[in-house]
Each structure stands twice: as C-alpha cells, then as structure tokens.
Amino acid sequence: MSVLKADHITINFGGLVAVDDFDIEIEKGELWAIIGPNGAGKTTVFNMLTGIYYPTKGEIYVDGEKMTAKKPFEFARAGISRTFQNIRLFGGSSVLDNVKMAHTMDCHYGYKDMVFRGKKYHAEEERITKESMELLDLFGLADKRDYFATQLPYGEQRKLEIVRALATKPKLLLLDEPAAGMSPGEIDEVIALINRVHTEMNQTILMIEHHMKLVMSIAQKIKVLEFGRTISEGTPEYVQNDPLVIAAYLGGDPDAHA
Amino acid sequence: MDNFLQLLIYGLQLGSIYALLAIGYTMVFGIIRMINMAHCDFLMMGCYMVYFLVSVLFGGEMIGPAVALLVVMAGSSVIGMVGVGIERVAYRPLRNRPTIMCMISAIGVSIFTQNLFRALPFIGPNPRSFPKLIEDFTINVGAVKISFTRIVTVTLSIFIMLLLWFVIQNTKIGMHMRAVSNDKDAAALMGVNINRVISITFFIGAFLAAVSGSFYASSYPVMQPTMAVTLGNKAFIAAVCGGIGDIRGAVLGGFVIGVAEILVTSVWSEFAYGFCFLVLVVILLFKPEGLLGKPMTEKV
Amino acid sequence: MEKMKALCKRNIAFPIFALFFLVVTLLHQLGIVNSYFMQVMMLACIYIIMAESLNILNGMTGLSSLGQAGFMSVGAYSSAIFTTYILHVSSLPEPLQVVAFVAATLVGAVMAAICGVLIGIPALRLRGDYLAIVTLGFCEVIRAIWRVVPADIAGGAFGLTGIPKLANFFWAFLFMILSLYFCRNYMDSSFGRACLAIRDNEIAADTMGIDCFRYKTIAFASSAFIAGVAGSLYAHLLSYIHPDVFSYAKSSDFLVYLYAGGVGSISGAMLGALALTVLPELLRFLNDWRLVIYGALLLCIILFRPTGLFGGREFAFLQLKTGGIRVFHVSTFTNWVKGLFRGEKRVKEGAGK
C-alpha cells in the first residue's frame with residue numbers, strides 16, 4: 001500500500017486555483033521531489049499534505065487511511081512530518097527540547113503520572129531523552145544540546161528541523177527547500193544528509209527544492225509544477241529532457257524543442 | 001416612548017464620551033499593537049488640568065462658552081504633551097519587546113500616576129467638584145428634556161471625530177499613520193518617521209481623552225484620582241467591540257456601549273457594568289475582529 | 001553517582017523550606033514578628049501561587065490571560081460557600097475543620113478548573129491580543145455574576161462575610177510549595193514541553209503532532225486549578241470576600257508580579273510575587289508616597305530589566321530540565337553582584353540567550 005496518496009487534489013483561494021488536480025502516489029522507500037518556478041504552488045501542496053490547508057476537491061490518503069478534513073496534528077500522527085521553508089524551530093527552547101517536543105505524541109503517560117512523577121513518568125522521560133540524544137548524535141548536534149535553537153548557525157537550524165521532523169518517526173518526511181539559502185559547499189552536505197536519511201534510515205521522502213544539482217542527483221522521481229498544474233512527471237532524466245519543463249524554466253514555445 | 005428617548009439622549013452623551021476615549025485606545029493599538037492600560041488616566045489628568053486652569057485664571061467663576069472651549073482645548077493640549085512624554089519614557093524603550101511588556105509598563109504608569117495624584121498635597125485622594133464652566137439650561141422637546149451641556153458634548157464630540165477622520169484620510173501625517181498601522185517596518189523603509197508618528201498618535205489620544213474628561217465632568221462633576229478606571233474599561237470595551245485598530249469602529253462601539261449601558265442601567269443597574277463585558281465577550285466569540293475589524297491570518 | 005547527587009540536592013530543598021517555616025513561626029511565637037508581618041507573608045504565599053498559575057498560561061503556553069483574578073474568585077467563592085453554607089464548619093470540631101478546609105480548597109480548585117475549561121474552549125479560538133481581551137471580559141463577567149447572585153447564597157453586592165478563618169501560615173506555605181512543585185512537574189513533562197512548543201511556534205507544534213487545542217485547554221484548566229487553590233486560601237484567610245476584590249486591577253497585579261519576576265520562569269514568578277508583595281510594606285514609612293514610589297520602582301524594573309528581576313533563570317533546587325537552561329546557582333548570583341560592583345556586564349553562561 002502506498003504511504004501517501006493524493007487523489008486529484010485541487011485548492012482555490014477565492015477565485016484563484018492555486019493547485020489544480022494534483023495527483024501523487026508515494027511508495028515506501030521512494031524519494032520524490034517537486035520542482036517548479038516560484039509561485040507554482042509547491043508549498044501549497046505541502047500545506048495540503050500536512051492538513052494546514054484543506055483541499056477544495058480531492059482526497060488524501062496516508063497508508064490507506066482517508067485524511068480529508070483532518071487537522072495538522074492528525075496528519076503528524078498518521079505519519080507525515082515536515083520541515084518549513086522559513087525555518088520554524090521552537091526558538092525559546094533548547095536544541096534537545098526541540099527534539100523532545102517532537103516526541104510529545106509518543107509520550108505515553110497521563111496527567112496523573114506527570115503530577116505525581118510515577119515510575120511510568122521516569123521511564124518514558126528517560127526513553128525520550130535517550131532517543132532524542134541518539135538522533136542528535138547521529139547528525140552531529142549532540143554537543144549543542146543546551147543551546148537555544150535560534151543560537152545555532154543557519155545551516156544547523158535547517159539540520160535541526162530535519163532532526164525534529166525525524167523524531168516523530170514519520171512514514172513520510174516532507175522537506176520544504178532543505179537547501180534554501182545555502183552555499184555550494186553546504187549543499188553538498190545537504191545532499192549527503194538527505195541521502196543518509198533516505199538510505200540508512202530507509203526514510204520515504206518528498207521534497208521541494210529549487211537547486212537542480214541537488215534534485216537531479218538524489219531524487220528518484222520528480223514532479224514539475226507550473227501555475228498549480230502538473231506539467232511533467234518521471235525520472236530525473238525524463239524530466240530534464242521534457243520540452244514542457246524546459247519551456248517552463250527557460251521560457252519559449254514548448255513545440256519548438258519537440 | 002418619551003422615557004426611551006430621554007434615555008437615548010443620555011446614552012448618546014455617554015456614548016460620545018466613550019467614543020472619544022475609545023479612539024485613543026484604538027489608535028495606540030492600531031499603531032503599536034499595545035493595550036494602553038494607562039490611557040484612562042489622561043481623562044483624569046485632563047479634568048484636573050481644566051480644574052486648575054479655571055481656578056487659577058478665573059477663580060472658579062463661570063466663563064462662558066467661548067472661553068470655556070479655549071480653556072478646555074489648552075488644558076487638553078497640555079495633557080496631550082504629557083501623553084507624548086509618557087510614551088517616550090515608558091513605552092519607547094520597550095518597543096522591540098513583546099507588546100505585553102508595554103502593557104505591563106502601562107500598568108506601572110497607571111499605578112504611578114493615580115497614586116501620585118493622590119499623594120500630591122494640592123490634589124489629594126478626596127473627591128473635588130469640577131467647576132461649572134457654562135450656564136446650563138434645559139430645552140424641552142415634548143416630554144424629553146435636553147440640557148445645553150449634553151447638546152454641546154454630543155455635537156462637539158462628533159465635530160472632533162469628523163475632524164480627526166478628515167486629518168487621517170486627507171493629510172500627510174494621516175497617511176503616515178495609516179502606513180505605520182499597516183506595516184511599521186515597510187513604512188520606515190519608505191521614509192516615514194515612526195517615532196514622530198507614534199508621538200503624534202499619543203498626543204491625539206491623550207488630547208481626546210482629556211477633552212472627554214472635561215465633557216464627562218461637566219455633567220458628572222465629581223473628580224478623584226481613580227475616577228477614570230471604570231470609564232476607561234468601558235471605553236476599551238467599546239474600542240474592542242467596534243474592532244480595535246479602526247477609528248470608525250471605536251466611534252460606533254462607543255455609542256453602542258453608551259446607549260446599551262444607559263438602557264440596561266434603567267432596567268437592572270446592578271448588572272450594567274457586567275453587561276458591557278458580556279457584550280464584549282459575545283462579540284469577541286462570534287466576530288473576534290469586532291464589528292468593523294478585518295480578520296487576521298497567519299501565512300504558513 | 002549522578003543519581004546520588006541529584007537525590008542529595010532534592011533533599012536539601014525540603015529541609016530549607018521546613019527550616020524557613022519553623023524560623024518564621026518561632027519568631028512569631030516569640031513575638032519578634034507581629035501578626036501583621038505574618039499576614040503579609042501569607043498573602044505573599046497566595047500571590048506566589050497566583051503568579052505561578054499565570055505563568056502556566058503567559059509564560060509556558062504563550063497565551064496572555066488578563067483575567068486570572070476571575071479564576072481566583074471562583075475558587076474563593078465556591079470554597080467559601082462550601083465551608084460556610086454547606087458544611088457550616090464553625091459548628092464542627094476542630095480536627096474536622098481542617099479536613100473540611102482541605103476539602104473546600106479542592107472543591108474551589110476543581111470548580112475553578114471547570115470554569116477554566118468552560119472559558120478556555122470558546123476563547124481558545126482567538127489568538128494573541130484578542131484572547132487576552134476576552135479573558136479580561138470573562139473575568140469581569142464572573143465578577144458581575146457574583147454581584148447579582150442573591151445575598152443569602154454568595155453575599156451579592158455586599159460581599160460574603162463570616163467565612164471561617166481556617167487558613168494559616170502553615171497551609172499557605174504548604175500550598176505554595178505544592179504549587180511550585182506542581183509547576184515544576186508540569187513544565188518538565190510532555191505536557192509542559194507541548195505548551196512551550198505552542199508558545200514558540202504554534203504551526204510547527206501542530207505539524208509535530210501536538211494537539212494544540214487539547215494542550216491549551218489543559219494549560220487553562222491547570223492554571224485555573226492553582227488559581228482556585230489561591231482563591232480558597234484567600235477567602236479563608238481574610239474571612240471576607242467581595243466581588244470588587246477580584247477585579248481587573250487584581251489580575252493586572254498578578255501580571256505585574258509575573259513580568260517583574262521574569263515570565264516563563266517558575267523561580268522568577270515566585271520571586272516577583274514575593275518581592276512586590278513585600279515591597280509596599282517596606283515602603284510604609286513613606287505614608288502617602290508609598291505607592292508612588294512602588295509604581296516608580298516597578299517601572300524601573302520593567303524598563304531596565306525587561307527579562308525580569310531573575311532574568312529567566314531557575315533555582316537549582318527545582319531541578320528543571322526543560323526550559324530551565326539558565327540555572328541559578330549561588331555562584332551565578334555572587335558573580336552577578338561582583339559584576340555590579342565592577343560595573344561589568346554580567347557573566348553569561350554558554351547557553352544563555
């Protein structure tokens with residue numbers, strides 16, 4: 001069964017069709033990318049896939065479960081986790097707390113355990129701290145555990161967002177422009193990082209990215225959006241040579257290339 | 001019916017006082033998104049200012065409409081300057097902090113000024129009576145009695161509000177104010193002097209509060225340092241009900257709350273104050289942005 | 001070894017509290033401090049509880065509440081009605097009175113919590129400033145309701161008199177410590193972390209699987225619960241309550257305590273409430289000018305130390321793991337004092353903001 005299935009979703013803002021008839025089916029272990037010019041509706045797709053916007057038409061299924069009109073936290077519980085284009089860390093909290101906060105939904109003790117600090121509380125807290133530290137360790141952030149999230153350099157903030165998203169143990173990880181604002185050297189790091197998450201942790205990933213080198217080197221399948229419509233879909237090689245895509249990026253008449 | 005009309009007149013008068021006061025709340029909120037808990041103190045200061053001007057200059061005698069108007073405007077301008085000063089000292093240093101810090105600072109200002117007025121030997125905590133500024137007489141329209149003071153209060157208030165509306169819509173400084181309330185940073189980039197705009201906003205707010213103080217005290221001539229607290233609360237409610245940040249909303253809210261309060265008082269006086277808050281809660285729950293406000297959204 | 005250390009540290013706090021309590025009681029028994037001082041101490045305990053309760057909303061969850069006195073009044077009235085009219089406590093034997101008082105405090109707290117949920121559910125649709133305003137509105141509506149209920153139930157506009165004076169320094173102090181530890185436990189748990197996440201970035205919290213509405217409602221209920229405890233103590237300490245006591249002005253007092261102490265910090269809330277309750281009493285020699293100077297000092301704190309007196313630190317004895325990164329050790333304080341005298345900038349810890 002597919003991890004995520006978006007069945008012809010469409011969203012209107014007023015009269016404007018921001019995303020038109022978007023269709024995707026992601027199998028376990030795949031690495032998808034959505035590309036497209038600015039304003040093509042990529043982030044809007046993400047917002048629909050995480051429940052922040054409700055599609056006007058169409059259905060979304062996570063692991064076969066229908067997610068129509070569910071709230072963002074329910075999407076997260078169903079196994080979808082994301083990062084944001086404009087970083088949204090919990091700035092007033094420490095790096096470790098940021099990751100622990102993502103464990104909230106798999107923290108299995110009740111209000112009573114919290115107030116009286118029973119055995120269950122201590123066991124769960126210990127487990128969460130351990131798991132969080134392991135994740136931080138894996139991404140080389142362990143020694144910064146006590147810094148405020150906003151104190152980290154930009155690149156590490158992006159990294160922490162990915163770590164935080166992974167901490168919810170998602171079935172599908174959505175990355176919204178993981179390489180935005182990074183230098184070429186840092187982009188290589190991001191490529192290595194995403195590859196690691198994908199292969200070593202066997203994480204299914206859907207990402208939005210502008211940086212072509214990054215997308216073409218790691219994505220297995222690509223969807224190209226323009227003005228809210230899907231204009232092409234397929235392997236990197238196929239998409240790269242699709243006249244419609246070339247026209248969208250370089251301008252001009254698609255037929256001229258055909 | 002006559003009784004109702006009579007109450008309506010009272011309500012309009014009270015409403016115009018609330019509206020003038022609410023404009024100050026709403027302008028300050030619109031520009032720096034701060035709830036100015038010390039705003040009502042300008043009303044109290046305005047009363048005392050006029051009181052001292054009249055007793056020093058005219059020995060507390062009745063002074064006729066034209067001179068009275070002049071004295072009220074002069075006294076209120078002084079309070080306007082006080083407002084500018086308070087903003088400089090107590091709110092400007094906190095501008096880059098969360099807006100609730102400004103509110104806490106305003107609570108501090110309020111504690112300070114009210115107690116300062118109580119402690120100053122020539123003011124003191126005891127009530128004083130506001131001087132009679134003009135000869136009052138009553139006009140009878142059918143069975144409805146309208147006193148001259150009420151007519152003056154309502155007409156002058158409406159005149160001032162129209163003037164303010166004109167200033168905001170048609171002058172350069174008004175345009176700057178609208179720009180700052182839309183987006184402070186963008187306005188600054190466009191060369192608007194933010195500090196000047198905020199100072200002028202506080203001047204107008206404090207000035208209007210002081211004027212409304214004189215109007216209020218002309219009809220209910222008992223002044224004391226804490227006189228403005230309940231008035232301020234109701235005016236604040238009026239501003240919120242109308243849609244905080246919007247001047248037309250403040251005026252509408254002021255009149256609605258004024259009339260509603262008078263009508264409820266005539267039926268169940270114990271609950272009048274609570275009723276205002278009930279109106280507030282109901283409006284906020286069903287139309288949180290107020291009667292005239294625009295809804296706010298956050299971009300993801 | 002770490003565990004041993006932690007255990008020692010934890011156990012140190014309780015003897016200190018006990019010692020403090022014993023010393024104050026002894027001083028009172030010996031007649032060195034008068035009953036007035038004791039009254040101030042008890043009020044300080046109650047206001048500390050209120051500041052802590054407000055901290056759960058304003059500090060941890062980032063929801064501004066301007067109506068905390070409303071929850072306090074619910075606690076005060078319901079517990080007072082429980083002891084005075086339902087149990088007729090004054091006719092009970094003494095040991096039972098104590099039980100009745102504790103029960104009444106629980107009743108008050110639970111009623112306040114219910115009230116918190118009832119207010120929270122509709123109000124939580126609103127954001128930021130509007131939520132603040134609507135809590136203020138609810139607080140005043142509650143007050144108006146206390147005014148209009150018939151006099152033989154809750155005193156009406158004249159206030160409720162003849163409440164048995166069951167609270168004493170012991171109870172006030174005990175409930176204060178309990179509420180401190182409640183807040184500590186709350187903050188250092190998935191509940192507290194969820195609240196902090198909501199405060200820092202609600203949309204991100206939502207996409208991390210945190211049910212914002214649920215945790216906000218829990219925060220409202222918890223905060224109101226503690227406020228209810230404070231209300232019950234207040235009613236049974238002063239044996240007279242009036243609707244006007246729980247006005248908006250009272251709520252703003254609590255806000256001022258919290259922000260002057262340092263919002264978001266349990267220790268800060270405690271210190272702020274303590275300092276600002278005791279300060280006006282220390283200024284008594286100024287007579288009429290007392291509250292003027294108080295207001296001026298308050299403004300100075302807010303203007304020159306916007307992060308609060310305690311600067312967002314936490315006492316080491318609370319052993320906070322979450323949010324309490326800037327731990328307050330004695331050495332930090334001595335460094336700070338030294339810095340003051342040398343005119344240097346205070347030494348900042350590596351993780352400080």
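B:Thr155 counts as exposed because its C-beta atom has 11 C-beta neighbours inside 10 Å; a residue is exposed if 12 or fewer other C-beta atoms lie within 10 Å of its own, buried if 20 or more do, and partly exposed in between, with C-beta atoms placed from the backbone. This is a predicted model, in which local features need pLDDT of at least 70 and side-chain atom pairs count only at pLDDT 80 or more, while totals for chains, interfaces and linings use all residues. Residues are numbered from 1 along each chain as its sequence is written, and chains are lettered from A and ligands numbered from 1 in the order in which they are written.

B:Thr155 lies in helix 5 (residues 148-170) of chain B, where helices (H or I, at least four residues) and strands (E, at least two) are DSSP runs numbered from the N terminus. B:Thr155 and B:Gln13 are 142 residues apart in sequence, and their C-alpha atoms are 9.4 Å apart in space.

### The sheets of chain A

Strands of a sheet pair through backbone hydrogen bonds, either parallel or antiparallel; here two strands are said to pair if DSSP finds at least two bridges between them. Six strands of chain A form an open sheet with mixed pairing, in the order 6-7-8-3-9-10. The edge strands of this sheet are strand 6 and strand 10 (229-234) of chain A, each of which pairs on one side only. Neighbouring strands of the sheet are turned by 20° against each other on average, direction ignored.

Strand 7 (residues 172-176) of chain A is mostly covered, since five of its five residues are buried. In a regular strand the side chains alternate between the two faces of the sheet. In strand 7 of chain A, A:Leu172, A:Leu174 and A:Asp176 point one way and A:Leu173 and A:Leu175 the other way, and all are buried. Strand 7 of chain A runs parallel to strand 6 (residues 80-82) of chain A, to which three bridges join it, and A:Arg82 stands opposite A:Leu174. With strand 8 (residues 204-208) of chain A, strand 7 of chain A pairs in the parallel sense over five bridges, and there A:Leu174 stands opposite A:Leu206. Strand 8 of chain A is also joined by four bridges to strand 3 (residues 31-35) of chain A, and these two run parallel; A:Ile34 stands opposite A:Ile208 in strand 8 of chain A.

Chain A also has an open sheet of four strands in the order 2-1-4-5, with antiparallel pairing. Its edge strands are strand 2 (16-26) and strand 5 (65-66) of chain A, each pairing on one side only. Strand 1 (residues 4-13) of chain A pairs with strand 2 of chain A in the antiparallel sense over seven bridges, and A:Ile11 stands opposite A:Val19 in strand 2 of chain A.

### Helix pairs in chains B and C

Two packed helices are described by the angle between their axes and the distance between the axes. Axes are lines fitted to C-alpha atoms, for helices over the stretch in contact, and angles run from 0 to 180 degrees between N-to-C directions.

| Helix pair | Angle | Axes |
|---|---|---|
| Helix 2 (residues 39-58) and helix 3 (residues 65-91) of chain B | roughly 135° | within 9 Å |
| Helix 3 (residues 68-86) and helix 4 (residues 94-123) of chain C | about 140° | 8 Å apart |

Angles under 35 degrees count as roughly parallel, over 145 as roughly antiparallel, 65 to 115 as roughly perpendicular and the rest as oblique. Helix 2 of chain B and helix 3 of chain B are therefore oblique to each other. Helix 3 of chain C and helix 4 of chain C are therefore oblique to each other as well. The residues of this contact in chain C divide into twelve nonpolar, seven polar and no charged, where Ala, Val, Leu, Ile, Met, Phe, Trp, Tyr, Cys and Pro count as nonpolar, Asp, Glu, Lys and Arg as charged, and the others, Gly among them, as polar.

### Chain C and its contact with chain B

Chain C has 14 helices and four strands, and of its 353 residues 54% count as buried. The contact between the chains takes 35 residues from chain C and 34 residues from chain B, two residues being in contact if their C-beta atoms, placed from the backbone, lie within 7 Å. On the side of chain C that touches chain B, helix 5 (128-148), helix 11 (248-261) and helix 13 (290-304) of chain C give two or more residues, and helix 5 of chain C gives the most, with 13 residues. By class, that side of chain C has 26 nonpolar, four polar and five charged residues.
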